[in-house]
Amino acid sequence: MKNIEWQNDTLIFLDQTKLPTETIYIHCTDWRQVAEAIKMLRVRGAPAIGVAAGYGLILAAREASSLNIPFDEQLSTFYEFSESLKETRPTAINLAWAIERVLDLIKENNFHNMEDIIKAITVEAIAIHEEDISLNQRMAKHGATLFDGQQGLRILTHCNAGALATGGLGTALGVIRQLHGNGQLAMVYADETRPLLQGSRLTAFELHQDGIPVTLESDNMAAYAMQQGLIDAVIVGADRITTKGDVANKIGTYGLAVLAKAHNIPFYVAAPYSTFDFNLADGKDIPIEMRSDDEVLSFQGVPSAPEGIQVLNPAFDVTPHELVTAIITEKGVLQPDYEISIEELKCSVLES
Ligand code: MRU
């Protein structure tokens, strides 16, 4: 079974908060369950929440159509549900992108009943999912070209940008899987990724299950690993990339980029076109999700700080484009000057 699946009018996905100790699938027949799952990180990772939201919209449209009110009111109720789904997580643009893609389709077509809308959303949600699988495969191939002729690679990654975070192979981990398949990979160093441990619970789990060599380190060990000459490159995913090439990703990514620069190690970002915000130039304008204090005050449910202490808990940070060596996309590897290469990406996306 895949990470996310649409079966018999039900969205089924693996509850990532339970990994690696329990394998529990959640069956959603109500869009509110999808919203709750996105908010609580049961389904997480920028592309995966876009895919889940696409299916969530089918459930939202179905509920709206079941209401005993005129069609125009059913439609506006559906738009309200969509807005609530979009508000669940603000930083990863893939969520808003997937919802806007479906809403644009509805606005462009002059539908006269909810049944036709539900059919159209279903086709589009499946298309978003299938497209993500193919984007991952293409990114993996392009990313591997950055390492042509190199063997014994040791790659550091942060958070989880793998199969669990997408509909397919993963973004950063897709490239890593490709390097492994090519026989070029010696070791993946996975940052644990405090506070919610996506690195240890998900990345180490995913790679270990697939027989890809992985070494786990807590986040504060990255500088040591680089100083010891253990890291050849950093590859991370992204939640939003601006037209200047500033990159929002899991908190701690910016620190890694600074460290990579200090140690003269290339810092690569892998992301599909759906992670680019073509309407935003500057990374400082990216909304950063602030999460509950409890995530920092406790460690897996056990209190680990004095009661009542103040907490800072941003879920993401922004790496300025100057620190990004290259951005791996499904269309190829983007090099600086990103204002030019991202504009070219945008044009080729609009053409296709
Ligand atoms: O809060 P999360 O776990 O959803 O954050 C996920 C990340 O930051 C990933 O690195 C990012 O979405 C890239 S995923 C392909």
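Contact here means heavy atoms within 4.5 Å. The structure is a predicted model, in which local features need pLDDT of at least 70, side-chain atom pairs count only at pLDDT 80 or more, and totals for chains, interfaces and linings use all residues. Residues are numbered from 1 along each chain as its sequence is written, and side-chain values use heavy atoms, with hydrogens and water left out.

Arginine 89 lies in the loop between helix 3 (71-86) and helix 4 (93-108). Helices (H or I, at least four residues) and strands (E, at least two) are DSSP runs, numbered from the N terminus. Arginine 89 counts as buried because its relative accessibility is 6%. Buried means under 20% relative accessible area, exposed over 50%, and partly exposed in between (1.4 Å probe, protein chains only). Neighbours within four places in sequence are set aside for the contacts of arginine 89, which include Ile38, Leu41, Arg44, Lys250, Glu289 and Phe316. The side chains of arginine 89 and glutamate 289 form a polar contact of 2.9 Å. A polar contact is a pair of N or O atoms within 3.5 Å; within protein, one must be able to donate a hydrogen and the other to accept it, and residues adjacent in sequence count only if both atoms are side-chain atoms.

Arg44, Arg89, Gln198, Asp239 and Lys250 come nearest among the 19 residues around the ligand. A residue is near a molecule or strand if one of its heavy atoms lies within 4 Å of it. An N or O atom in the side chain of arginine 89 is 2.8 Å from an oxygen atom of the ligand. For the side chain of glutamine 198, the distance from an N or O atom to a ligand oxygen is 2.9 Å. A polar backbone atom of glycine 45 is 3.0 Å from an oxygen atom of the ligand. On its own, the ligand has 420 Å² of accessible area, and the protein covers 99% of this. Accessible areas come from the Shrake-Rupley method with a 1.4 Å probe; for residues, only the protein chains shown count as cover. Helix 2 (46-66) and strand 9 (247-250) are the elements that give two or more residues to the shell around the ligand.

Threonine 329 belongs to strand 14 (residues 326-329). Threonine 329 counts as buried because its relative accessibility is 0%. Its side chain reaches the backbone oxygen of glycine 332 at 2.8 Å. The side chain of threonine 329 also reaches the backbone nitrogen of lysine 331, at 3.0 Å.
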